[in-house]
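Hello,

Here is the structure I promised to pass on. Please open it first, then read my notes on side-chain contacts below.

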Amino acid sequence: MNQKPRSILLIGNFLSSSLGTRSVSEDLCLRLLASGWQVIYASRRANRLLRLWDMLWVTWRFRRQYRAANVDVFSGQAFRWAEMVSVLLRALEKKYNLTLHGGGLPDFAARHPRRVQRLLSTASSVNTPSRYLQQAFRTIRPDIQWLPNGLDLAQYHPREREYSQPRLVWLRAFHSTYQPQVAVEVLAHLRSEGWNCTLTMVGPDKHDGTYAAAVALAKDKNIWDFIQTPGAVEKAAVPAWLDQGDIFLNTTRFESFGVSVLEAAACGLPIVTTNVGELPYLWQDGVDALLVPPDDPDAMATAVQRILTEPGLAQRLAANARQKAQSFDWAAVLPMWEELFQQMLAEAN
């Protein structure tokens, strides 16, 4: 089959059908398709070994239908997938871009410096949505492009909120990386101080014991009745769940971008977040969010109480965060991706 003028291979995680949550790669894929691109992608396989095999098989099987590819790069076992796909793409003489994700990638690079340097140096280009990762890998690839994740701003509707009975909302996966038990501790602290607040924790259970531990902690502190856990929700439902909240909590220990924080900003929620990874690059403490150290529920609870007691603080944080979110709308971000891919295709001719 002949290659189409605008055809691209995307290698990453496309697991919404099995996990119920849609990745940034899937959002990009849908936007490119709507813009007239032919997109070949992998993988939707939930099993890790099958996912690797599918990535390699799709890369090989459709080799005559694309001239350039984009490969997502994460730390851990997923790094090996990027390595193997990149080897195959080089053998096929394809241009490819690497997109760096994951707040744990710098630590992984410290443990495996040669592997990371080899992979990054062989790509046609490298980009990342994270200033934090761009800075971390500038000695290997000083030409890393910052290309942010996109957001459909029209789906998020800010509104005025009142905080007499604050509803806290948390949106991540139940996994040790995201420290959901910190949010439980924050709720316990606030209720002990007399605040009649609740907590909604939206996200899938990654089955590492974190969900069970969070539930046990909530029951031990006698606050389980004030917590709602709807599980994984579809991307289209995220704005509605966020809209039910009054204050957004982000408790993660690692962060390469923070899409959920940006979504909360788009909804006009005041944000309290840890100051790890990309977050202090993107959010300014006291201006558009309150930043606290990781693994510190007391500091996070104190920040929430500032929002509840300082006149005008909630409104100022929410308005500034919403304004920042506007610059990440897909209307601005998609043309940046298209320019990158068009340049790769031009060089491949």
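**Aromatic pairs**

Phe14 is buried, at a relative accessible area of 2%. Bear in mind that this is a predicted model. Tyr41 is partly exposed, with a relative accessible area of 31%.

The structure holds ten aromatic pairs. Phe14 and Tyr41 form one of them. Their pair is tilted, with 4.8 Å centre to centre and 40° between the planes. Phe14 sits in the loop between strand S1 (7-11) and helix H1 (16-19). Tyr41 belongs to strand S2 (residues 38-42).

Next, look at Trp37 and Phe341, whose pair is edge-to-face. The centres are 6.0 Å apart, and the angle between the planes is 70°. Trp37 lies in the loop between helix H2 (24-34) and S2, Phe341 in helix H15 (residues 330-348), so this pair ties together parts that are 304 residues apart in sequence. Both residues are buried. Ring pairs also bring in Trp337, giving a cluster of Trp37, Trp337 and Phe341.

**Charges over rings**

Two arginines are worth a look here. The charged end of Arg63 sits over the ring of Trp60, 3.8 Å from its centre. Arg131 lies over the face of Trp146, at 3.8 Å from the ring centre.

**Salt bridges**

Side chains of opposite charge can pair when their charged atoms come close. The count here comes to 16 salt bridges.

Start with Asp143 and Arg141, where the closest N and O atoms are 2.8 Å apart. Asp143 counts as partly exposed, at 47% relative accessibility. Arg141 is buried, with a relative accessible area of 9%.

Glu263 forms a salt bridge with Lys235, and their closest N and O atoms are 3.0 Å apart. Glu263 lies in helix H11 (residues 259-266) and Lys235 in the loop between strand S9 (227-231) and helix H10 (238-243), so the pair ties together parts that are 28 residues apart in sequence. Are these two buried or exposed? Glu263 is buried, and so is Lys235.

Asp295 bridges to Arg253, with 3.7 Å between the closest N and O atoms. Asp295 is in the loop between strand S12 (290-292) and helix H13 (297-309), and Arg253 is in the loop between strand S10 (247-250) and H11, so parts 42 residues apart in sequence are tied together. Asp295 is partly exposed at 41% relative accessibility. Arg253 is partly exposed too, with a relative accessible area of 38%.

Finally, shared partners join Arg159, Arg161, Arg167, Asp243 and Asp246 into one salt-bridge network.

Best wishes

Note on methods
Residues are numbered from 1 along each chain as its sequence is written. This is a predicted model: local features need pLDDT of at least 70, side-chain atom pairs count only at pLDDT 80 or more; totals for chains, interfaces and linings use all residues. Side-chain values use heavy atoms; hydrogens and water are left out. A salt bridge is a side-chain nitrogen of Lys or Arg within 4 Å of a carboxyl oxygen of Asp or Glu. Buried means under 20% relative accessible area, exposed over 50%, partly exposed in between (1.4 Å probe, protein chains only). Helices (H or I, at least four residues) and strands (E, at least two) are DSSP runs, numbered from the N terminus. Rings of Phe, Tyr and Trp (its six-membered ring) pair if their centres lie within 6.5 Å; planes under 30 degrees apart count as stacked, over 60 as edge-to-face and the rest as tilted. A charge sits over a ring if NZ of Lys or CZ of Arg is within 6 Å of the ring centre and within 35 degrees of the ring normal.
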